[in-house]
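Here is a short briefing to read beside the model. Keep the sequence and the 3D view open as you go.

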Amino acid sequence: MKKKLVVLTGAGMSVESGLSTFRDSGGLWDRYPVEDVATPEGWERNPALVQEFYNKRRKELLTVEPNKGHFGLAALEKDYDVTVITQNVDNLHERAESTHVIHLHGELTKVRSTKNENRIYELSPDHYEIKADETDRYGDRLRPHIVWFGEAVPMIEPAIEITEEADIFVVIGTSLNVYPAAGLLRYVRPQVPIYLIDPKEVKVPVDRSVRVIQKGASEGVAELIALLRR
């Protein structure tokens with residue numbers, strides 16, 4: 001039986017690939033007000049602007065590749081039962097061939113019906129641009145498959161369940177300021193080692209011993225792999 005290794009990733013996981021972060025200085029929230037492009041109210045006010053914002057994010061995906069950190073996590077599947085829980089909406093973990101990825105905040109390459117949230121559609125790279133009034137075959141208007149501010153996080157329960165089963169828990173590239181994602185640390189069993197990879201100082205919201213690797217995702221994952229091999 002392989003040990004269960006659970007990894008929580010945030011924007012810092014993908015920044016080395018060239019994707020813009022949301023919260024850092026000069027990030028997307030500096031250029032696009034949150035309330036305009038990442039809330040249900042913003043969608044109701046101006047769906048064309050919201051679609052344009054996510055169309056641009058999808059086009060950006062076509063210009064980047066997974067980094068060594070993404071590939072390193074995928075390679076760990078040889079020795080561990082790895083689950084990646086990501087706050088990111090990009091598909092870089094999948095493109096690096098991680099096989100079990102839970103997206104807490106939705107997926108950029110998918111859209112869904114505004115009337116039936118279970119009608120989810122995967123977009124192809126040659127059809128990444130969605131028009132403001134585009135509909136599915138049922139006539140339902142399509143919206144980005146993204147968890148906006150003020151909306152429920154439907155994948156948090158599966159994430160909690162897998163976190164409770166972890167033998168090793170790793171945090172990469174997240175400020176641990178966004179809930180409920182940051183709250184997952186509370187579900188890590190007391191005896192389970194926790195590693196935190198981030199070049200910046202991160203305040204951990206639980207009173208636990210944490211092994212800090214103060215590096216970016218690629219170098220940090222390489223060091224993690226070396227530590228685990230010991």
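**Briefing: helices, sheet and aromatic pairs**

Helix 8 (residues 217–229) has 13 residues and reaches 18 Å from its first C-alpha to its last, close to the 18 Å expected at 1.5 Å a residue. The model is predicted. The points below go by topic.

**Helix 8**

- Ala-217, Ser-218, Gly-220 and Val-221 are among the buried residues of helix 8.
- Leu-224, Ile-225, Leu-227 and Leu-228 are buried in helix 8 as well.
- The cover over these buried residues includes strand 1 (4–9), strand 7 (168–172), strand 8 (194–197) and strand 9 (210–213).
- Helix 5 is also part of that cover.

- Helix 4 has 15 residues, which should span 21 Å at 1.5 Å a residue.
- Its end C-alpha atoms are 21 Å apart, so the helix agrees with that expectation.
- The buried residues of helix 4 include Pro-47, Val-50, Gln-51, Phe-53 and Tyr-54.
- Asn-55, Arg-57, Arg-58, Glu-60 and Leu-61 are buried in helix 4 too.
- Leu-62 sits in the loop between helix 4 (47–61) and helix 5 (68–75).
- Leu-62 counts as partly exposed because its relative accessibility is 47%, and the exposed class begins over 50%.
- Beyond its neighbours within four places in sequence, Leu-62 is in contact with Pro-125 and Tyr-128.
- Leu-62 and Trp-148 are 86 residues apart along the chain, and 23 Å separates their C-alpha atoms.

**Aromatic pairs**

- Ring centres within 6.5 Å make a pair. By this rule the count comes to two aromatic pairs.
- Trp-43 is buried, with a relative accessible area of 7%.
- Trp-148 is buried as well, with a relative accessible area of 3%.
- Phe-53 and Tyr-54 form an edge-to-face pair, 4.8 Å centre to centre and with 90 degrees between the planes.
- Both Phe-53 and Tyr-54 are buried.

**Arginines over rings**

- Arg-57 lies over the face of Phe-53, at 4.7 Å from the ring centre.
- Arg-143 lies over the face of Trp-148, at 3.7 Å from the ring centre.
- Arg-143, in strand 6, is also the bridge partner of Arg-112.

- Three strands form an open sheet in the order 5-4-6, with antiparallel pairing.
- Strand 5 and strand 6 are the edge strands, and each pairs on one side only.
- From one strand to the next, the twist averages 45 degrees.
- How many residues of strand 4 (residues 106–113) are buried? The count is eight of its eight residues, and the strand is mostly covered.
- Strand 4 and strand 6 run antiparallel and are joined by four bridges. Ser-113 stands opposite Leu-142 of strand 6.
- Strand 4 pairs with strand 5 (residues 120–122) in the antiparallel sense, over three bridges. Here Val-111 stands opposite Tyr-121 of strand 5.
- A hairpin of six residues joins strand 4 to strand 5.

**Backbone points to check**

- A cis peptide bond joins Tyr-179 and Pro-180, with omega about 15 degrees.
- Pro-180 is in the loop between strand 7 and strand 8.
- Leu-176 has its place in the loop between strand 7 and strand 8.
- Leu-176 has a positive phi of about 60 degrees although it is not a glycine.
- Is Leu-176 buried or exposed? Leu-176 is buried, with a relative accessible area of 3%.
- Glu-97 has a phi near 80 degrees, a positive value in a residue other than glycine.
- Glu-97 is in the loop between helix 6 (92–95) and strand 3 (101–103).
- Glu-97 counts as exposed, at 62% relative accessibility.

Conventions: Residues are numbered from 1 along each chain as its sequence is written. This is a predicted model: local features need pLDDT of at least 70, side-chain atom pairs count only at pLDDT 80 or more; totals for chains, interfaces and linings use all residues. Side-chain values use heavy atoms; hydrogens and water are left out. Rings of Phe, Tyr and Trp (its six-membered ring) pair if their centres lie within 6.5 Å; planes under 30 degrees apart count as stacked, over 60 as edge-to-face and the rest as tilted. Buried means under 20% relative accessible area, exposed over 50%, partly exposed in between (1.4 Å probe, protein chains only). A charge sits over a ring if NZ of Lys or CZ of Arg is within 6 Å of the ring centre and within 35 degrees of the ring normal. Helices (H or I, at least four residues) and strands (E, at least two) are DSSP runs, numbered from the N terminus. Two strands pair if DSSP finds at least two bridges between them. Axes are lines fitted to C-alpha atoms, for helices over the stretch in contact, and angles run from 0 to 180 degrees between N-to-C directions. Contact means heavy atoms within 4.5 Å. The expected span of a helix is 1.5 Å times one less than its number of residues.
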